[in-house]
Amino acid sequence: MKHITRIILASFFLIMVSCEDNNTNEEVLAEFGSISGTVNFSGSWPDSGEVLITLDTSYPPQGPPAAFSYITSDDISNGVYNYNFSDLSFRSYEAITVTYWSLGYATAGTNYSLIGSYIEAIDVSQDTPDITIDMDATFD
């Protein structure tokens, strides 16, 4: 019986040691990145049309944006719009643009005005996963 008790105790000890949480002090690396910031609007908000903010992988844009959002006057507080492009793949993005589409975005053609932009390489990576960029946009 002593032998069985020793085996049970030894088994219990081995189970407890093997189930130990292996905490390490390693930093958990981000899997995705984000670009966020504010757009400070000036001028009179238009009565019609649409305003978009887009994140582009090339500039001038060639194809659909990597991310976009419609902006309405209800989204603005004291002339400021807060944006956030999240769950971004690690890569270089070339521009953030704010455009006003007088006839609406769905219409074909070039009926838009560039009213604000940040046109510079933005490198989202594990080293810099969360980037903040503020910009101005002006309605004429």
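Reply: What follows treats the pocket and then the backbone. The model is a predicted one, and the values below are computed from it. The largest pocket holds about 300 Å³ of space, and its lining is made up of 15 residues, with T54, D56, P61, W101 and Y112 lying nearest the centre. Two or more residues of this lining come from each of the strands β2 (50-56), β5 (91-101) and β6 (112-124). By residue class, the lining of the largest pocket comprises nine nonpolar residues, five polar ones and one that is charged.

Turning to the backbone, most residues other than glycine have a negative phi, and most peptide bonds are trans. Against that background, the bond joining Y59 and P60 is a cis peptide bond, with omega about 0°, and P60 itself is placed in the loop between β2 and β3 (67-71).

Two further residues call for attention through their phi angles. N78, a residue other than glycine, has a positive phi near 55°, and is found in the loop between β3 and β4 (80-88). With a relative accessible area of 80%, N78 is exposed. D87, which is likewise not a glycine, has a positive phi of about 55°, but its place is in strand β4. D87 also counts as exposed, because its relative accessibility of 60% lies over the 50% cut-off.

Conventions
Residues numbered from 1 in each chain as written. Predicted model: local features only at pLDDT ≥ 70, side-chain atom pairs only at ≥ 80, totals over all residues. Heavy atoms only, no water. 1 Å grid on protein atoms, 1.4 Å probe; cavity = no way out; pocket = protein on both sides within 12 Å on 5 of 7 lines; lining within 4 Å. Points joined across faces, edges and corners; volume = space filled by probe spheres on them. Helix = DSSP H or I, 4+ residues; strand = E, 2+ residues; numbered from the N terminus. Nonpolar A, V, L, I, M, F, W, Y, C, P; charged D, E, K, R; others polar. Buried < 20%, exposed > 50% of the residue type's maximum accessible area, 1.4 Å probe, protein only.
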